[in-house]
Amino acid sequence: MRLMALSLLLLVSCASGTTYLDPENPSGAPGWGAYEVRRASTDLVTELYRYLSEKDTPALLAFKPIRNRTTEHIETEMLADQIRASLIAKKIYFVQLGLRGEILKEMELGQSGLIDDSAIPIGHLKSPNYYLEGVITDAVNQNNGNSIQYIIVTLSLTSAQTGVTEWVGTKEFLKSTRSDVIGW
């Protein structure tokens, strides 16, 4: 009975403790996480904003999904959300192409006369002048039981008018199980 009570106490004490890691410190985080998302988004947004601020016309972006072509489980939506939020904070806006069907239905309902004066007016939808897309790739080298993983996050900005990719930015990360190589 004592052993059972001690086991239960140990189980409860272990299960109730939550430890939060510092997202600014990569140590102690074995995989891709908050630190890498923050570093990648901050660096790439800084470069992209610098490029877009030199343009004559304001940028209206459509974000294509970021593809994960690595051996890691990476939450690409988290990275995309962070990039989108950072750019919107800098007054770079996005066209949500996936919502157009719903918006058109609302406009149609407004034109039917069933909606009061708050109906959405027709003729104000915007088209993107750029498509932003991303890919995350890696290369892994195994040697004597140790591994070194090189991860590259790449964003590309393509003109909707010409189809020409006008800007590419990359952020690189290195992850290792070797003690003589700096992780992430």
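These legends accompany close-up views of a predicted model.

Local features need pLDDT of at least 70 and side-chain atom pairs count only at pLDDT 80 or more, while totals for chains, interfaces and linings use all residues. Residues are numbered from 1 along each chain as its sequence is written, and side-chain values use heavy atoms, with hydrogens and water left out.

**View 1**
Helices (H or I, at least four residues) and strands (E, at least two) are DSSP runs, numbered from the N terminus. Along the sequence they follow α-α-β-α-β-α-β-β-β. Of the 184 residues, 29% are buried. Here, buried means under 20% relative accessible area, exposed means over 50%, and partly exposed lies in between (1.4 Å probe, protein chains only). The protein exposes about 12,300 Å², and carbon and sulfur atoms supply 55% of that area. Areas come from the Shrake-Rupley method with a 1.4 Å probe; for residues, only the protein chains shown count as cover. A contact means heavy atoms within 4.5 Å. Take the contacts between residues at least 6 apart in sequence: 62% of them join residues at least 24 apart.

**View 1. Five strands make an open, mixed sheet.**
The strand order is S2-S1-S3-S4-S5. S2 and S5 stand at the edges with a single partner strand each, so one side of each lacks a neighbour in the sheet. Two strands pair if DSSP finds at least two bridges between them. Strands of a sheet pair through backbone hydrogen bonds, either parallel or antiparallel.

**View 2. S4 and S5 run antiparallel and form a hairpin.**
Eleven bridges join the two strands. Thr154 stands opposite Thr170 of S5. Thr158 has Thr165 as its bridge partner in S5. Five residues lie between the strands of this hairpin. Gly163 takes a positive phi there, near 75°.

H2 has 20 residues and reaches 27 Å from its first C-alpha to its last, close to the 28 Å expected at 1.5 Å a residue. The expected span is 1.5 Å times one less than the number of residues. Its buried residues include Tyr35, Val37, Leu44, Leu48 and Tyr51. Glu36 and Ser41 are also among them. The buried residues of H2 pack against S1, H3, S3, S4 and S5.

View 3. An α-helix has 3.6 residues a turn, so residues three or four places apart point the same way.

**View 4. Lys91 sits in the loop between H3 and S2.**
Lys91 follows H3. Its phi is positive, about 70°, although Lys91 is not a glycine. Lys91 is exposed, with a relative accessible area of 59%.

**View 5. Leu109 lies in helix H4 (residues 100–111).**
At 33% relative accessibility, Leu109 counts as partly exposed. Leu109 touches Leu114 and Ile115, not counting residues up to four places away in sequence. Leu109 and Ile120 are eleven residues apart in sequence. Their C-alpha atoms are 8.9 Å apart in space.

**View 6. Ser176 lies in strand S5.**
Ser176 is buried, with a relative accessible area of 17%. Ser176 and Gln142 are 34 residues apart in sequence. In space they are 9.9 Å apart, C-alpha to C-alpha.
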